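Subject: Structure for you to look at

Dear colleague,

Here is the structure I said I would pass on. My notes follow it.

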Amino acid sequence: MSRLFAVTNVLGMVIMIFGLTMLLPLAISFWLDDTALFAHSQAILITIFCGLVMTLVTRWHRRELQVRDGFLLVVLVWSVLPLFATLPFMFFMPHLGFTDAYFEAASGITTTGSTVLSDLDKLPPSINLWRGELQWLGGMGLIVLAVAILPLLGVGGRQMFKAETPGPMKDTKLTPRIAETAKGLWLIYAGITLACIVAYRLAGMNWLDAVMHAFTTLSLGGTSSHDASFGYWDSPLIEGIAIFFMLIAGVNFASHFLVWRAKSFSPYRHDPEAGMFILITAGSCIGLAFYLWFMDVYPDPLTALRYASFNTVSVATTTGYASTDYYLWPIFAPLWMLFLSSFCSSSGSTGGGIKMIRAQLLFKQVFREMIVIMHPQAVSPVKLGGSVVPNRIVFAVLAFLSIYIASIVSMTLILALSGLDLITALSAVVACINNLGPGFSQVGPATTFAVLTDFQIWVCSFAMLLGRLELFTLLIVFTPAFWRK
Amino acid sequence: MKIIILGAGRVGTSVAENLVSEANDITMVDVASDKLLLLQDHLDLRTVVGNASHPSVLIRAGAEDADMILAVTQSDETNLVACKLAATMFNTPTKIARIHSANFLAYPEIFSAENFSVDFVICPEQILTEYIEKLIEFPEALQVLDFANGKVSLVAVRAFHGGPLVGRELQELRQHVPNVDTRVAAIFRKDRPIIPEGDTVIEAEDEVFFLAAAKDIRSVMREMRRMDKPVERVMIAGGGNIGKRLAKALEKDYQVKIIEYDKRASERLAADLHHALVLHGDATDEDLLESENVAEMDMFCALTNDDENNIMSALLAKRMGARKVIALINRSAYVDLVQSGSIDIAISPAQVTIGSLLAHVRRGDVAAVHSLRRGAAEALELVVHGDAGSSNVVGRKVADIRLPKGVTIGAIVRGLPTAENRDWGSHEEKKETKDATSGRDAQVLIAHHDTIIEAEDHVVVFVINKKLIHQVEKLFQVGVGFL
């Protein structure tokens with residue numbers, strides 16, 4: 001029980017910090033004098049009060065967190081914070097059920113970007129901003145933020161950092177102190193976001209839209225304040241800027257950090273994922289553009305390239321913006337895009353899926369197997385970027401892939417059991433577990449998740465958390481061994 | 001000359017053997033007293049037991065008035081420290097260090113006078129690797145040795161029936177390959193040297209040494225024998241220092257398979273090599289060689305530390321159908337034993353690497369020395385200084401120089417950068433000058449009777465018998481008048 005108390009103590013502090021982040025929509029609401037001021041102020045009070053109580057009640061149990069405590073804390077943070085994030089929604093839209101509100105909040109915080117809300121353009125700006133800010137906070141990670149701000153997490157902070165950061169290899173420290181790393185990452189993230197805001201503003205968005213969309217671009221979340229998403233502006237320039245920043249956010253932020261510190265671009269060259277990520281994404285854009293042109297979806301190749309690039313980059317990086325209803329394209333195109341979303345973005349980026357590095361390792365493992373069959377005595381380690389990857393990590397990646405596929409299959413079956421058609425069920429699960437956003441058919445880019453039943457919504461919410469915490473972190477808490485003394 | 005050799009390993013011993021016979025005072029330092037006792041018994045030298053990086057040991061070895069320190073212990077660190085000590089405490093004029101690790105070699109500035117003060121850095125593994133690389137590039141040759149930064153090569157090739165020039169007089173060579181300038185420096189027939197003249201007839205089985213610019217090697221060799229097809233597949237037995245370097249150098253251009261016996265070493269090897277296929281196993285294991293298609297190999301190189309293993313695996317590979325086999329053999333007795341058998345080329349590491357050390361011991365300005373035919377003969381690259389008055393060679397035609405019998409001037413390279421930039425080792429700017437000047441300005445002249453030698457020329461001299469070297473050194477030395 002003492003574990004739960006110790007973890008609750010820290011959780012309380014994280015909740016208080018989270019409460020403070022609600023000040024931004026409150027300020028906007030106050031400034032623009034919209035109708036949601038009441039909702040925000042109540043939400044802040046409740047959140048900070050709850051956090052305070054949790055911290056104070058458990059203050060005698062405060063101690064250095066251990067590895068297992070770390071996992072528990074991460075899971076609790078990611079499942080409890082959406083509860084508080086729902087408060088502004090619940091207060092402002094009482095007709096919205098708790099299920100839908102939780103889905104909306106979890107979809108924000110896990111950077112999925114699926115929504116159950118429609119008529120987005122009519123929501124007060126502060127509520128839309130809160131949806132964007134949730135994604136931005138979840139993009140770089142709440143624990144990373146907590147580690148950067150709260151020194152008290154100590155050594156345990158490192159474990160949580162690892163539990164939260166996506167990617168199979170997390171032992172390379174960028175700085176000797178983990179708090180410095182966390183601060184550096186957040187600064188880079190914030191800096192690039194600022195650049196993105198300015199770029200959007202200059203390209204023609206208003207300030208509010210620029211901030212909101214920069215938040216959701218850099219976090220690869222994909223929530224928009226318009227029903228038509230990027231189709232609202234219909235501007236190639238804005239789409240170009242979005243593509244650029246989505247690609248930046250799809251690269252490991254550790255590489256951005258190194259580039260910033262070394263003041264040279266060479267760390268990108270040493271990043272084994274970045275090159276492949278850009279190559280595959282760019283190749284897919286051009287290939288799909290040709291395909292769409294060839295299939296007569298678009299009359300001229302340039303238009304085809306414009307729509308293919310924006311939607312492909314958006315889906316491949318698991319952002320989920322749409323500039324058109326791509327589900328209406330010939331089925332190969334959306335399927336290929338969905339496939340890309342499951343592996344394209346880099347580890348340590350804000351994207352979802354199994355990450356490029358795992359895909360590369362799996363691919364190399366296949367090659368190794370073939371070499372060993374041909375040359376039984378060959379010594380053929382799996383190598384990435386010129387250095388050997390330990391077998392332990394290769395096995396971990398294989399296990400990860402198995403669980404990933406098993407999760408997709410089982411949740412698709414559950415959704416099918418509850419009455420969804422196959423395309424909708426499969427695409428909804430994949431879109432949620434990859435933190436992508438829109439799926440196909442009933443949950444396609446032109447519609448919302450509102451058609452699903454409460455039960456189906458909960459399955460999708462679980463899939464999002466599962467995907468964001470990269471399966472193991474969440475699943476480990478459900479094993480009996482985890483709770484054994 | 002007073003020379004201190006630190007480290008009585010293979011390199012140290014073979015240097016000592018070579019230098020003792022040339023009337024040098026040699027002191028040998030090593031921690032292993034038994035090794036030194038053995039050496040003292042059959043070589044005329046002094047020995048000191050102790051750690052070569054300790055000042056007191058160096059003093060006991062007589063470092064105060066030594067002309068040269070050769071640091072060739074197993075440890076790079078000891079060698080570096082010894083050179084630094086020699087520089088600070090005794091101001092020793094020439095300090096040579098053997099460095100294994102490519103990591104040190106990657107930062108040449110650490111060898112400069114204000115740092116470790118190493119005048120010349122020698123990396124035997126690197127020299128051996130380059131030597132074998134040349135043999136793979138020219139699979140028909142027995143030896144390919146570079147002079148003047150690779151502008152001129154001395155090539156040894158065995159003449160075979162079917163070569164257009166075999167059975168004909170040397171002077172016909174000019175008509176056979178009119179556009180190529182070359183000079184046959186020596187011919188060994190049944191291990192006896194023949195001084196080549198215009199009417200000398202080349203016979204099958206002759207070992208012919210000729211000098212030519214690097215680009216002409218192939219066309220000259222074509223005169224002596226039928227050409228093989230170029231090497232594509234290489235198998236290397238042994239992933240030690242040499243095998244690994246060779247595999248690394250070759251893996252981009254050739255299909256390389258490398259066999260290593262030690263499990264952990266093979267894992268490290270696989271980590272360092274990116275294209276070569278690393279196999280864990282015994283190179284003398286017939287099944288392994290069979291399943292890895294040794295019969296399809298153009299070149300099989302046995303490069304382990306163990307002579308017997310190298311001989312056996314090379315013989316086995318040859319028997320199983322490898323086109324050409326090379327074996328690394330340390331013991332000179334074994335080299336004689338296998339050379340004319342089914343092993344195509346037996347390489348004695350000491351013989352290959354000794355030249356780079358000898359270049360610094362020779363009197364006069366010697367840029368390169370290559371030891372040939374197990375030390376019996378030698379090829380030197382000498383730099384000519386002075387003017388017509390002070391030197392015996394400057395301003396004279398080749399025919400007019402009073403060369404001892406058995407010595408031939410093969411080639412002259414004009415316009416190479418001067419001494420301080422030339423030697424490899426020590427200086428950072430060396431690399432740049434090498435790239436900047438030597439490539440373009442240098443001009444290769446194959447020596448004919450009427451070629452006139454100028455000051456600062458690099459002259460490549462072939463000495464059939466080692467005993468003549470003193471006379472050659474004397475001949476090329478600058479007279480008293482020149483300072």
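What covers the buried residues of H9(B)? The cover includes helix H6 (124–137), strand E12 (233–237), strand E13 (255–260), helix H10 (263–272), strand E15 (299–302) and strand E16 (325–328), which belong to chain B.

Before the rest, some conventions. This is a predicted model, in which local features need pLDDT of at least 70 and side-chain atom pairs count only at pLDDT 80 or more, while totals for chains, interfaces and linings use all residues. Residues are numbered from 1 along each chain as its sequence is written, and chains are lettered from A and ligands numbered from 1 in the order in which they are written. Helices (H or I, at least four residues) and strands (E, at least two) are DSSP runs, numbered from the N terminus.

H9 of chain B spans residues 241–250, and seven of its ten residues are buried. Buried means that 20 or more other C-beta atoms lie within 10 Å of the residue's own; 12 or fewer makes a residue exposed, anything in between partly exposed, and C-beta atoms are placed from the backbone. The buried residues of H9(B) are B:Ile242, B:Gly243, B:Lys244, B:Arg245, B:Leu246, B:Ala247 and B:Leu250.

B:Glu125 lies in helix H6 of chain B. B:Glu125 counts as buried because 21 other C-beta atoms are within 10 Å. Apart from neighbours within four places in sequence, B:Glu125 is in contact with B:His100, B:Asn241, B:Ile242 and B:Arg245; contact means that the C-beta atoms of two residues, placed from the backbone, lie within 7 Å.

Domains of chain B

Chain B is divided into domain 1 (2–122), domain 2 (233–347) and domain 3 (352–476), with bounds from an automatic or database domain assignment. The centres of domain 1 and domain 2 of chain B, taken over C-alpha atoms, are 32 Å apart.

Strand E19

Strand E19 of chain B (residues 377–383) has seven of its seven residues buried, so the rest of the structure largely encloses it. B:Ala377, B:Ala379, B:Glu381 and B:Val383 point one way from E19(B), and B:Glu378, B:Leu380 and B:Leu382 point the other way.

E19(B) is joined to strand E18 (residues 366–372) of chain B by six bridges, and the two run antiparallel; strands pair if DSSP finds at least two bridges between them. B:Leu372 has B:Ala377 in E19(B) as its bridge partner. Four residues lie between the strands of this hairpin, where B:Arg373 takes a positive phi near 45°. E19(B) also pairs with strand E22 (residues 458–463) of chain B, in the antiparallel sense over six bridges. There, B:Leu380 has B:Val461 as its bridge partner.

Where the chains meet

Twelve residues of chain B are in contact with eight residues of chain A. On the chain B side, H10 and strand E14 (277–280) each supply at least two residues. Strand E1 (residues 378–379) of chain A is joined to E14(B) by two bridges, running antiparallel. A:Ala378 stands opposite B:Leu279 in E14(B).

A helix pair in chain A

Helix H15 (residues 301–316) and helix H16 (residues 332–341) of chain A pack at an angle of about 35°, with their axes 7 Å apart. Axes are lines fitted to C-alpha atoms, for helices over the stretch in contact, and angles run from 0 to 180 degrees between N-to-C directions. A:Asn311, A:Thr312, A:Val315 and A:Ala316 in H15(A) meet A:Met337, A:Leu338, A:Leu340 and A:Ser341 in H16(A).

Regards
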